[in-house]
Amino acid sequence: QVQLVESGGGLVQAGGSVRLSCAASGRTFSSYHMGWFRQAPGKEREFVIGISWNGYSYYADSVKGRFTISRDNAKNTVYLQMNSLKPDDTGVYYCAASKASVAVTTTVDYWGQGTQVTVSS
């Protein structure tokens, strides 16, 4: 069992930056792909960014060049650095863990409770 707790959301102006953190419980954190999804009002949850157990990153096209993901296996924590934020980035951001890729919701094994990010224009 893995529990995920996100933090770091809030209100930011367009062009600004925010860093989200996701702290995971459990001793097998380092063996999971970790990632982030987001969900805007009235829209489906969508993949944003992921990182494999050995540090390989993969992205949605909409965030390439603006978002980066990193992990600290010693702290059981994954980070999402979001730069050059746009109003379209607004949504609830969910941390996700998977033994396989986190690029699709169907392969996610565990979800966090979500944290709101609002980007004002």
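Reader: Where is S30 found, and is S30 buried, partly exposed or exposed?
Author: This is a predicted model, so the answers describe a prediction. S30 sits in the loop between β3 and β4. Its relative accessible area is 36%. Buried means under 20% and exposed means over 50%, so the class in between applies. S30 is partly exposed.

Reader: Is R38 buried or exposed?
Author: R38 belongs to strand β4, residues 33-39. Its relative accessible area is 6%. The cut-off for buried is under 20%, so the class follows. R38 is buried.

Reader: Which side chain makes a polar contact of 2.7 Å with the side chain of R38?
Author: R38 touches a list of residues beyond four places in sequence, among them E46, D89 and Y93. The side chain of Y93 joins that of R38 by a polar contact of 3.0 Å. The 2.7 Å contact is with the side chain of E46.

Reader: How do the residues lining the largest pocket divide into nonpolar, polar and charged?
Author: The largest pocket holds about 190 Å³ of space. R38 and E46 are both in its lining, and so are others, including K43, R66 and D88. Asp, Glu, Lys and Arg count as charged. The lining has one nonpolar, three polar and eight charged residues.

Reader: Which residues does the second core include?
Author: Y93 is among the residues with the most contacts inside the largest core. Beyond four places in sequence, Y93 is in contact with residues including W36, F37, R38 and F67. F37 belongs to a second, separate core of seven residues. That second core includes F37, F47, Y58 and A96.

Reader: Which backbone oxygen lies 2.8 Å from a polar atom of the T77 side chain?
Author: T77 lies in strand β8. At 10% relative accessibility, T77 counts as buried. Its contacts beyond four places in sequence include S21, C22, F29 and S70. The backbone oxygen at 2.8 Å belongs to K75.

Reader: What is the C-alpha separation of T77 and K43?
Author: T77 and K43 are 34 residues apart along the chain. K43 is one of the residues lining the largest pocket. The two C-alpha atoms are separated by 28 Å.

Reader: What is the phi of N76?
Author: Most residues other than glycine have a negative phi. N76, in the loop between β7 and β8, has a positive value. N76 is also buried, with a relative accessible area of 18%. Its phi is near 55 degrees.

Reader: What is the phi of S84?
Author: S84 is in the loop between β8 and β9. S84 is partly exposed, with a relative accessible area of 41%. Its phi is positive, in a residue other than glycine. The value is near 50 degrees.

Definitions and conventions:
Residues numbered from 1 in each chain as written. Predicted model: local features only at pLDDT ≥ 70, side-chain atom pairs only at ≥ 80, totals over all residues. Heavy atoms only, no water. Helix = DSSP H or I, 4+ residues; strand = E, 2+ residues; numbered from the N terminus. Buried < 20%, exposed > 50% of the residue type's maximum accessible area, 1.4 Å probe, protein only. Polar contact = N/O pair within 3.5 Å; in protein donor to acceptor, adjacent residues only side chain to side chain. Contact = heavy atoms within 4.5 Å. 1 Å grid on protein atoms, 1.4 Å probe; cavity = no way out; pocket = protein on both sides within 12 Å on 5 of 7 lines; lining within 4 Å. Points joined across faces, edges and corners; volume = space filled by probe spheres on them. Core = buried A, V, L, I, M, F, W, Y, C linked by side-chain atoms within 4.5 Å.
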